[in-house]
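Here is a short briefing for a first look. Keep the sequence and the 3D view open as you read.

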Protein chains: 2
Amino acid sequence: MTILGLVAGALTTGCWLPQLLRSWRTRSAGDISWTYLGVLGLGVTLWLSYGLLTDEMTIILANGATVCAIIVLADLKASFDREARETA
Amino acid sequence: MTILGLVAGALTTGCWLPQLLRSWRTRSAGDISWTYLGVLGLGVTLWLSYGLLTDEMTIILANGATVCAIIVLADLKASFDREARETA
């Protein structure tokens, strides 16, 4: 059962890499909602605290990596949205 | 501790609503990566199976709702990407 959870966790964490690469390559993230990123970021941070409190390494690693990916994507989105406004 | 997990699950599930609304309102989802949706969809489906096998209702409900949201977003993205290609 743990294998299934580990693979699921790896996929739901690893999926951020292609999204970050796409946003970087296209220099555009306008279609991604700020509210989506904010609510998801808060949820993942709570999962991270849940993992820390229950001392579950898989939950800590998966959600820790996802929090980092969301912070990077939010930073990319902020700069690309600014660029888009300036050139509009 | 369950409350923390329930709130985290509600946020990481509820976050899809603003993203679906944004994509619907702007009729655009080009910035969202197909690979991201595919890998995330597979991961969430595995979490759903994990929940079914371990009979954990919170995991079943959260990931079941997320699978539905990803299917709707993929459908929106397919039609809006097609529209964008036809008008390009």
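In this predicted model, 33 residues of chain A touch 33 residues of chain B. About 3000 Å² is buried between the two chains.

**How the two chains meet**

- Contact here means heavy atoms within 4.5 Å. By that rule, 33 residues of chain A are in contact with 33 of chain B.
- The size of an interface is often given as the accessible area lost when the parts come together.
- For chain A and chain B, that area is about 3000 Å². Carbon and sulfur atoms give 73% of it.
- How many salt bridges does the rule find across the interface of chain A and chain B? The count is zero.
- The copies meet through the same surface, because 100% of the interface residues of chain A are also interface residues in chain B.

**Symmetry**

- Chain A is superposed on chain B by a rotation of 180°, with 0.0 Å of shift along the axis. The RMSD is 0.0 Å.
- The two copies are therefore related as by a two-fold rotation axis.
- Which C-alpha of chain A is nearest the axis? It is that of A:Asp31, at 2.7 Å.

**Chain A as a whole**

- Chain A has four helices and zero strands. Along the sequence, the pattern reads α-α-α-α.
- Its C-alpha atoms fill a box of roughly 50 × 20 × 15 Å, taken along the principal axes.
- Of the 88 residues in chain A, 45% are buried. Buried means under 20% relative accessible area.
- The accessible surface of chain A is about 4700 Å². Carbon and sulfur atoms account for 69% of that surface.
- Take the contacts in chain A with a separation of 6 or more. Residues 24 or more positions apart make up 70% of them.

**A:Thr58 in helix 4**

- A:Thr58 sits in helix 4 of chain A, which covers residues 57-87.
- Is A:Thr58 buried, partly exposed or exposed? A:Thr58 counts as partly exposed because its relative accessibility is 38%, and that class runs between 20% and 50%.
- A:Thr58 and A:Thr2 are 56 residues apart along the chain. Their C-alpha atoms are separated by 9.3 Å.

**A nonpolar patch on chain B**

- B:Ile3, B:Leu6 and B:Val7 make a nonpolar surface patch of about 270 Å².
- B:Leu6 belongs to helix 1 of chain B, residues 2-14.
- With a relative accessible area of 43%, B:Leu6 is partly exposed.

**Two loop residues with positive phi**

- Most residues other than glycine have a negative phi.
- A:Asp55 is not a glycine, yet has a positive phi of about 55°. A:Asp55 lies in the loop between helix 3 (34-54) and helix 4 of chain A.
- A:Asp55 counts as exposed because its relative accessibility is 62%, and exposed means over 50%.
- B:Arg27 also has a positive phi, of about 50°, although it is not a glycine.
- Where is B:Arg27 found? B:Arg27 is in the loop between helix 2 (16-26) and helix 3 (34-54) of chain B.
- B:Arg27 is partly exposed, at a relative accessible area of 41%.

Definitions and conventions: Residues are numbered from 1 along each chain as its sequence is written. Chains are lettered from A and ligands numbered from 1 in the order in which they are written. This is a predicted model: local features need pLDDT of at least 70, side-chain atom pairs count only at pLDDT 80 or more; totals for chains, interfaces and linings use all residues. Side-chain values use heavy atoms; hydrogens and water are left out. Buried means under 20% relative accessible area, exposed over 50%, partly exposed in between (1.4 Å probe, protein chains only). Copies are superposed by least squares on the C-alpha atoms of residues with pLDDT of at least 70 in both. Patches are made of residues with over 30% relative accessible area and no salt bridge: like charges are joined within 9 Å, nonpolar side chains (Val, Leu, Ile, Met, Phe, Trp, Tyr) within 5 Å. Accessible areas come from the Shrake-Rupley method with a 1.4 Å probe; for residues, only the protein chains shown count as cover. A salt bridge is a side-chain nitrogen of Lys or Arg within 4 Å of a carboxyl oxygen of Asp or Glu. Buried area is the accessible area (1.4 Å probe) that two parts lose on being put together, summed over both.
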